[in-house]
Amino acid sequence: MNFVALAPRLFWVGWKFHLKGLTMSSFFILVSVIQPLIFATIAYYMYEAGAREGTLLYVALGAGLMGMWSSTLFGSGGAIQWQRWQGTLELLIGAPPPFVMTLLPLTLATASVGLYSIVATLLWGGILFDVPLSVEHPFLFAISLPATTIALGLLGLVLASTFVLYRHASAFSNLLEYPVWLVSGLLIPVSLLPGWVEPLSWVLAPTWGVKAIRESALGGDPLPAIGMCVLLSVAYLVIGWFSMANFERLARKRATLSLT
Amino acid sequence: MTSRGGTVRERARVIVRIFFIGGLFSYRALFNWITPTMYVTTMLGSPLFQILFFAYLGRFAGLQDDTFFVVGNAVQVSAMAGIYGMTMTIANERQFGTLQPLLATPANRIALFLGRALPVIVNGLIVSAFGFAVGLLLLDFTLSPSAVPPLLVVVVVTVASCTALGMLLGSIGLRARDVFFASNLVYFLMLLVCGVNIPVETLPDWLEAIGRAVPLTHGIEAAREIVAGASLGEVSGLVWTELGIGAAYAATAFLLFRLFEIEGRRRASLETF
């Protein structure tokens, strides 16, 4: 059987394996379930105590995407470093499939764990605050979710392949959590931020993901945002593929594959 | 006057040495992985964006002005050092395999325990000061020079109190398998219940009650009043309450530390997971 025929199986098995592993991790449960619930509650009480007449569903979906970004950032940003610490990096690089094909299921799994966040914040809203879960465009909502997850997972591939060039990848993960929450308009409209921030938000998948999900749920036209998720996914895949090839080449040339 | 371990003066000198030098050494040893890059991105970069995030969220929600969020978050970010740092300072002895040799020494346990808090408190103060600087430079926040000394007192007390909560978690870490889950949870819950971003009075009663029973809440309230022009005397009640809460947590933490030490020796389980 050739590689093309094996690729879907490799992807499916890898994705399931990593998803199970991440689900068993208390850190990822914290990041993808508990933390978004805390932030959703904070935002809810801030809106309630303030003058903002915000819809709770708006908050719940935004907080859900915050969790998806956190799990992608922490899971994918340190993915290669983690394989190094586990001693599995050489085995993965030495395996017949291209390394990117073994890493991609992992980065997509880290984004998929973020779906727990959306489920958790929607349940939180429904159970504790009586948020009516009425979705305006159910079909487009069902498309928005995987489109966002794939776009974030492929952004994770870019993070994994670039963070590895720095010794302290986890430091970058710690740094980038809040800024992306801020500039992607997850809880705060981007228009409220300084003008120079807006172009930055355009290249970030969470910006379009939250737009697609919100407009499917609350009403509007989510198709352009879904289209942007697809477009960014392709761009991230190309960048991630080349960055990963570059990392592999440098690591082999300098014999630094297992050096932490 | 002499006693079993030498003169009282000699013993006092040893205790002071364990407190200061031992505390500093343990900090350097346990945090050898904190490089300048790591420090700047984690201890300064993350608080910077946390303050900006909540200040803008506050503007959007129309809840309070920037000052409310700058003060709340600049004080709360010190908990990053107090909670995570202190938990690691105690619990990582077990993770790094140095707990047994440490507890085999006859060192005074109170000095050993409290000395570890000092570098953490200093670190918390640096992070908090950076938070206030962020507010001054990037947001609509002003601070009168006359408010700086009383604010410093309030922040020192609050950071120490937070560190006491970190001590408690660290002591639990001598026994628990995954105490860092609890540290993360406590850190994020503080954002909700301690009046950092929402006035505690607007929370449901049970959440407000939790907030009033943990460090930070009264310190943040006092800091906000100082920034608004109150004197230290006017907020002394809040400061003493914060100090009392911190002392209660520190005492409980030390009792647990001793309990787990004694239990660990008895069951030969000091470093088992």
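I first checked how covered Leu216(B) is and found it buried, with 29 other C-beta atoms within 10 Å, where buried requires 20 or more such atoms, exposed means 12 or fewer, partly exposed lies in between, and C-beta atoms are placed from the backbone. I located Leu216(B) in the loop between α10 (205-212) and α11 (217-227) of chain B, and I noted for Leu216(B) a positive phi of about 95 degrees, although Leu216(B) is not a glycine.

This is a predicted model, in which local features need pLDDT of at least 70 and side-chain atom pairs count only at pLDDT 80 or more, while totals for chains, interfaces and linings use all residues. Residues are numbered from 1 along each chain as its sequence is written, with chains lettered from A and ligands numbered from 1 in the order in which they are written.

I then turned to the interface, where 29 residues of chain A are in contact with 32 residues of chain B, a contact being two C-beta atoms, placed from the backbone, within 7 Å. On the side of chain A that touches chain B, α2 (26-49) and α8 (169-183) each supply at least two residues, and the largest share, 12 residues, comes from α2(A); helices here are DSSP runs of H or I with at least four residues, numbered from the N terminus.
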